[in-house]
Amino acid sequence: MTDDAAPICLARPLPGPDDTRAGCAAARGVDGRPLHAAALKFFWGPMDCGKSTMALQMNYNHARQGRRGLVTTRIDRSLGPQVTTRIGLAHSAIEVTDGLDLRDLVRDAWAEGFRVDYLICDEASFYDLEHIEQMAELVDNYDVDVYAFGLATDFRSCLFPAARRLFELADSVARIQVEVLCWCGREGLLNARVVGGRVVREGEQVVIGDTANSAQVRYQVLCRRHYRAGDLGGR
């Protein structure tokens, strides 16, 4: 291959001025390096730290600058196809099912004339491992930014499989800095599942619940000391 060889396009084509497919969103040089690189970023934290709020804020910030994206979620607390937050914000979203291919989701949008610059993936810890691989492929081969938000560990303090894979593959991983407190005042780190007023440590990895005291199955963020002791305090 000569030095003046044409770049290899491994990403989606962009419409040209005559509405024909021309150009490349992420042209690559002869050495295979992208001229513009998208990124896979994972933002994580315990319950109540504002993950979904940050997801909606990021979507707003990107859209305000003219970028176009898709918002996805899985098993939102509302049990509907939307991202909801405990401070009252909500946004419609695409529900990620077992059979959904995120690459097809983007390709179908392009086929309908909708440009996709990024994905906001809320509740990403509940996604399948295949979805995480698809996120990486969208970044590497299609020049689509992917911003994933989710828990790191389950009620047993074990990593969710999808979260583990995001830790392994993401270009950057950031813990959300909104501090959640245990009842004792220490920083809350772990998500305890509470049934009948007691911390439980066995059961299905994903069980829908909330932080409200009235819920039959609820979750409470605890520091490591009180999580290990199963001490819910005086609430």
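Analyst: **Salt bridges and their surroundings**

Asp104 and Arg107 both sit in helix 2, three residues apart, about one turn of the helix. (Helices, H or I and at least four residues, and strands, E and at least two, are DSSP runs numbered from the N terminus.) The model is predicted, so local features need pLDDT of at least 70 and side-chain atom pairs count only at pLDDT 80 or more, while totals for chains, interfaces and linings use all residues. Residues are numbered from 1 along each chain as its sequence is written, and side-chain values use heavy atoms, with hydrogens and water left out.

The side chains of Asp104 and Arg107 form a salt bridge, 2.6 Å from N to O. The term requires a side-chain nitrogen of Lys or Arg within 4 Å of a carboxyl oxygen of Asp or Glu. Asp104 is partly exposed, at 34% relative accessible area. Arg107 is partly exposed too, at 31%. (Buried means under 20% relative accessible area, exposed over 50%, partly exposed in between, with a 1.4 Å probe and protein chains only.)

Arg103 and Glu137 meet in a salt bridge of 2.9 Å, N to O. Arg103 lies in helix 2 (residues 102–111) and Glu137 in helix 3, so the pair ties together parts that are 34 residues apart in sequence. Arg103 has 21% relative accessibility and therefore counts as partly exposed. Glu137, at 26%, is partly exposed as well.

Another pair is Asp154 with Arg156, whose closest N and O atoms are 2.6 Å apart. Its two members have unlike surroundings. Asp154 is buried because its relative accessibility is 2%. Arg156 is partly exposed, at 34%. Arg74, Asp98 and Asp128 are linked in a network of salt bridges. The count comes to eleven salt bridges.

Helix 3 (residues 129–142) also holds Asp140. Asp140 is partly exposed, at 45%. The C-alpha atoms of Asp140 and Ala39 are separated by 8.0 Å, although the two residues are 101 apart along the chain.

Next, the surface. Arg186, Arg201, Arg224, Arg225 and Arg228 gather there in a patch of positive charge. (Patch residues have over 30% relative accessible area and no salt bridge; like charges are joined within 9 Å, nonpolar side chains of Val, Leu, Ile, Met, Phe, Trp or Tyr within 5 Å.) For charge, Lys and Arg count as positive, Asp and Glu as negative, with His and the chain ends left out. Arg186 sits in the loop between strand 12 (172–175) and strand 13 (190–195). Its relative accessibility is 36%, so Arg186 counts as partly exposed.

Areas come from the Shrake-Rupley method with a 1.4 Å probe; for residues, only the protein chains shown count as cover. Leu79 lies in the loop between strand 6 (69–73) and strand 7 (82–84). At 65% relative accessibility, Leu79 is exposed.

Six strands form an open sheet with parallel pairing, in the order 9-6-10-11-5-12. Strand 9 (94–95) and strand 12 are the edge strands, each pairing on one side only. (Two strands pair if DSSP finds at least two bridges between them.) Strand 5 (residues 40–44) runs parallel to strand 11 (residues 145–150), and five bridges join them. Phe42 stands opposite Ala148 in strand 11, and Trp44 has Gly150 as its bridge partner there. Strand 5 also runs parallel to strand 12, joined by four bridges. In strand 12, Ala174 is the bridge partner of Phe43. In a regular strand the side chains alternate between the two faces of the sheet.

Last, the backbone. Most residues other than glycine have a negative phi. Asp48 is not a glycine, yet its phi is positive, about 75°. Asp48 is found in the loop between strand 5 and helix 1 (51–64). It is partly exposed, at 38%. Glu123 likewise has a positive phi, about 55°, without being a glycine. Glu123 belongs to the loop between strand 10 (118–121) and helix 3. Glu123 is buried, with a relative accessible area of 10%.

Conventions:
The place of a charge is taken as NZ of Lys, CZ of Arg, CG of Asp or CD of Glu.
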